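Here is a short briefing on one protein chain. Look over the sequence and the structure first, then read the points below.

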Amino acid sequence: MAAVTELTVGQVVTRSGVAVSALHFYEARGLIRSHRTSGNQRRYGRDVLRRVAIIKVAQEVGISLAEIGEALASLPEGRTPTRGDWNVLSTAWRDQLDRKIAQLKKLRDGLTDCIGCGCMSIDKCPLRNKEDRLSAQGPGARRLLVAR
């Protein structure tokens, strides 16, 4: 029995766990590709399953669709991304993810005392900015930002 080289929309949805609308959205954004049969039905190469998995994982950790698109554009068309391909993509995202992790840890640890009060003005609040001294450093919650 010959291996299936093309998948229907339904098969991709079942295998990948994403909705049809997500596939169409990814395709409209250029993240995945399909072609049309003579009956005007979409068909996807088997490599789309790995690409959708990469998209889902990257989105889950906060990588933007634009960055995902740039990364996927670096992959050869028409073949399943390999372990080496994934290593290149994940290495490119590693610094960004490390910054996000540090930012989330700082946010988590800095808000421990503040979550219960809600006022952000009591003396023990880690976000307190007495007399707006931090405004010289720029906008936003300066004490919650990780230095770049």
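At what angle do helix α3 and helix α4 pack, and how far apart are their axes? The angle is about 145°, and the axes lie 10 Å apart. The model is predicted. Its protein chain has five helices and three strands.

**Overall layout**
- Along the sequence, the elements of the protein chain run β-α-α-β-β-α-α-α.
- The protein chain has 148 residues, and 27% of them count as buried.
- Take the contacts in the protein chain with a separation of 6 or more: 56% of these come from residues 24 or more positions apart.

**Helix α3 against helix α4**
- Helix α3 spans residues 47-60, and helix α4 spans residues 65-73.
- The crossing of α3 past α4 is right-handed.
- On the α3 side, the contact uses Arg51, Ile54, Ile55, Ala58 and Gln59.
- On the α4 side, Leu65, Ile68 and Leu72 make the contact.
- By class, the contact of α3 with α4 holds six nonpolar residues, one polar and one charged.

**The two sides of α4**
- Which residues of α4 are buried? They are Leu65, Ile68, Gly69, Ala71 and Leu72.

**Helix α1 against helix α3**
- Helix α1 covers residues 9-16.
- The axes of α1 and α3 come within 10 Å and cross at roughly 45°.
- That angle makes α1 oblique to α3.
- The α1–α3 crossing is right-handed.
- From α1, the residues that meet α3 are Val12, Arg15 and Ser16.
- Their partners in α3 are Val48, Leu49, Val52 and Lys56.
- By class, the contact of α1 with α3 has four nonpolar residues, one polar and two charged.

**Helix α2 and what follows**
- Helix α2 runs over residues 20-28, and its buried residues are Ala22, Leu23, Tyr26 and Glu27.
- Seen down the axis of α2, the buried residues fall within an arc of 135°, so they line one face of the helix.
- What do the buried residues of α2 pack against? They pack against α1, β3 and α3.
- Ser21 and Ala28 are exposed on the other side of α2.
- Glycine 30 follows α2 and has a positive phi, near 80°.

**The loop between β2 and β3**
- Strand β2 is 35-36 and strand β3 is 42-45; asparagine 40 lies in the loop between them.
- Asparagine 40 has a positive phi of about 65°, although it is not a glycine.

**Leucine 97 in helix α5**
- Helix α5 comprises residues 83-111, and leucine 97 is found in it.
- Is leucine 97 buried or partly exposed? Leucine 97 is partly exposed because its relative accessible area is 23%, and buried means under 20%.
- Leaving aside neighbours within four places in sequence, leucine 97 is in contact with Val61 and Ile63.
- Leucine 97 and isoleucine 63 are 34 residues apart in sequence. In space they are 8.3 Å apart, C-alpha to C-alpha.

Conventions
Residues numbered from 1 in each chain as written. Predicted model: local features only at pLDDT ≥ 70, side-chain atom pairs only at ≥ 80, totals over all residues. Heavy atoms only, no water. Axes fitted to C-alpha atoms, helices over the stretch in contact; angles between N-to-C directions. Helix = DSSP H or I, 4+ residues; strand = E, 2+ residues; numbered from the N terminus. Left-handed = near helix turned anticlockwise from the far one by under 90°. Contact = heavy atoms within 4.5 Å. Nonpolar A, V, L, I, M, F, W, Y, C, P; charged D, E, K, R; others polar. Buried < 20%, exposed > 50% of the residue type's maximum accessible area, 1.4 Å probe, protein only. Parallel < 35°, antiparallel > 145°, perpendicular 65-115°, else oblique. Arc of directions from axis to C-beta.
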